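Dear colleague,

I am passing on to you the structure we spoke about, with its sequence. Please have it open while you read the notes that follow.

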Amino acid sequence: MASEISLQHQLHVFIFPATAQGHWIPMINIAKLFAARGVKTTIISTPLHAITLSKTINHDRLSGLDINIQTIPFPAVEVGLPEGTESVNQLISPDMIPKFFLAVSMLHQPFEKLLEEYRPDIVVADMFFPWATEAAAKFGIPRLIFHGINIFCQCVDENLRINKPFESITDDKESFLVPDLPDKIEMTKSQVPQHIIGDSMFSALMEKIRESEQKSYGVLVNSFYELEPAYADHYKNAMGIRAWQIGPLSLQNSDSTLDKAERRNESTTEEHSALKWLDSKKPNSVIYVSFGSMSKLPNDQLTEIATGLEDSGCSFIWVVRKTNSEEEEKFLPEGFEERMEGKGLIIREWAPQVLILDHPAVGGFMTHCGWNSILEGITAGVPMITWPMFAEQFYNEKLVTQVLKIGSQVGAGEWNGWIETANASVKKEHISKAVTQLMSDDGEENKDMRKRVTELGEKAKRAVKEDGSSYVQFTALIEELKMSKK
């Protein structure tokens, strides 16, 4: 009888995403993925996010999926943040970061109470909740970590932390080799995150994250095996951490309304006008320029971009995030939009990025190298111009340009500790040259680049299909968890 009961046991997973858009969206897709496989799924959310989230999962519930929400108050006011602050995307200055992560640490106790009450079988919690491993262990619950990045980045970051190959480098612009990796990876000291080089506000947190990772059940990765096979093997063999590559998660829920609900700030009119505008363009003739939901560029850098795009002579779609400053539109050269009418399209705020990248007219993507954006570019089979700024973005650039060889650098060379760069670090002539070279039909190198990224895009689509590598890995994980409950 006992064995019969255990065989009928429905797995229950807690999904606890960080309130940062780049982590939130793929983790909600993980929740939907579990629910679609018959796993009872509970998403832990802060109140404001729960309002949007309830709308996005309503369709899933109506279709019969067992997916629900539990809310935890976010203690913004208690730590000195404005009332209603719940997301990294709401932080407007660096001095808000320590307060925000203090508030995040205060989620520990209410989360533990939910664990005690509901006793799920598995917890999937974001990397920025290192205490979730200990909290889950109190009740004998295994914890999986979601980093929001690929395995390559984790291998490079750990290698730099242990070996410190940059220590003998005196010139910040001098290249050094990252040792003991499957490929020859070159970086400069100025591209290495501060928490690796020395103490920063993130140093202690990153150490806690590493410790929690070692004690966790393993890691879920928004990637697919065929994209980084050598690093998947290196991660398991050299670092001793279990990982399941289950992406691209954007493909796992391609019919979901989540992306629109989370990212949209404009009406559908702009969405349709961008796609209609692309319909009038020749295949592979348009460069798409977007630096993600968080990156902020000063006006003088935006001016360099505008001039560089105009000088390139290429058609473009450029996503420019609005600011609250009265200076927000003064970065455009005089008469720029009139001269670019029909040639270029500027989108303020939200853009339907996945749909734009998938459009046949788009032949290149200038990106800040956020992992979600790079994965969307790969999935669409679009080569890239890399412009990293902060977080793990310089690692991603190395993957794109040195390992996969599906993109070229624009010349950004300095890691930033904040989402806003201080000056115009990339000049118009470098921007124009990078765009012209990428969008050119000439040269074997360009043809090979396009062929490689097209092939990777096809592999990405196969990975999430039944019998594909990501599908198989996720199935194996669920079966393993079921067996552990018998």
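Which residues does F111 touch, not counting residues up to four places away in sequence? In this model, which is predicted, F111 touches F14, F16, I44, I72, V123, W131, A132 and A135. F111 also belongs to the largest nonpolar core, which has 127 residues, and is listed with L160, W318 and W387 as having the most contacts inside that core. The largest share of this core, 6 residues, comes from helix α7, which covers residues 151-163. A second, separate core has 29 residues, among them I30, A35, I67 and L144.

Turning to the aromatic rings, the count comes to 19 aromatic pairs. One of them joins F152 and Y231 edge-to-face, with 4.9 Å from centre to centre and 80° between the planes. Because F152 lies in helix α7 and Y231 in helix α10 (residues 229-237), the pair ties together parts that are 79 residues apart in sequence. Both F152 and Y231 are buried.

The pair of Y217 and W244 counts as stacked because the planes of the rings lie at 5°, with the centres 6.0 Å apart. Y217 is partly exposed, with a relative accessible area of 23%, whereas W244, at 7% relative accessibility, counts as buried.

With best wishes

Terms used: Residues numbered from 1 in each chain as written. Predicted model: local features only at pLDDT ≥ 70, side-chain atom pairs only at ≥ 80, totals over all residues. Heavy atoms only, no water. Core = buried A, V, L, I, M, F, W, Y, C linked by side-chain atoms within 4.5 Å. Buried < 20%, exposed > 50% of the residue type's maximum accessible area, 1.4 Å probe, protein only. Helix = DSSP H or I, 4+ residues; strand = E, 2+ residues; numbered from the N terminus. Contact = heavy atoms within 4.5 Å. Phe/Tyr/Trp six-rings, centres within 6.5 Å; stacked < 30°, edge-to-face > 60°.
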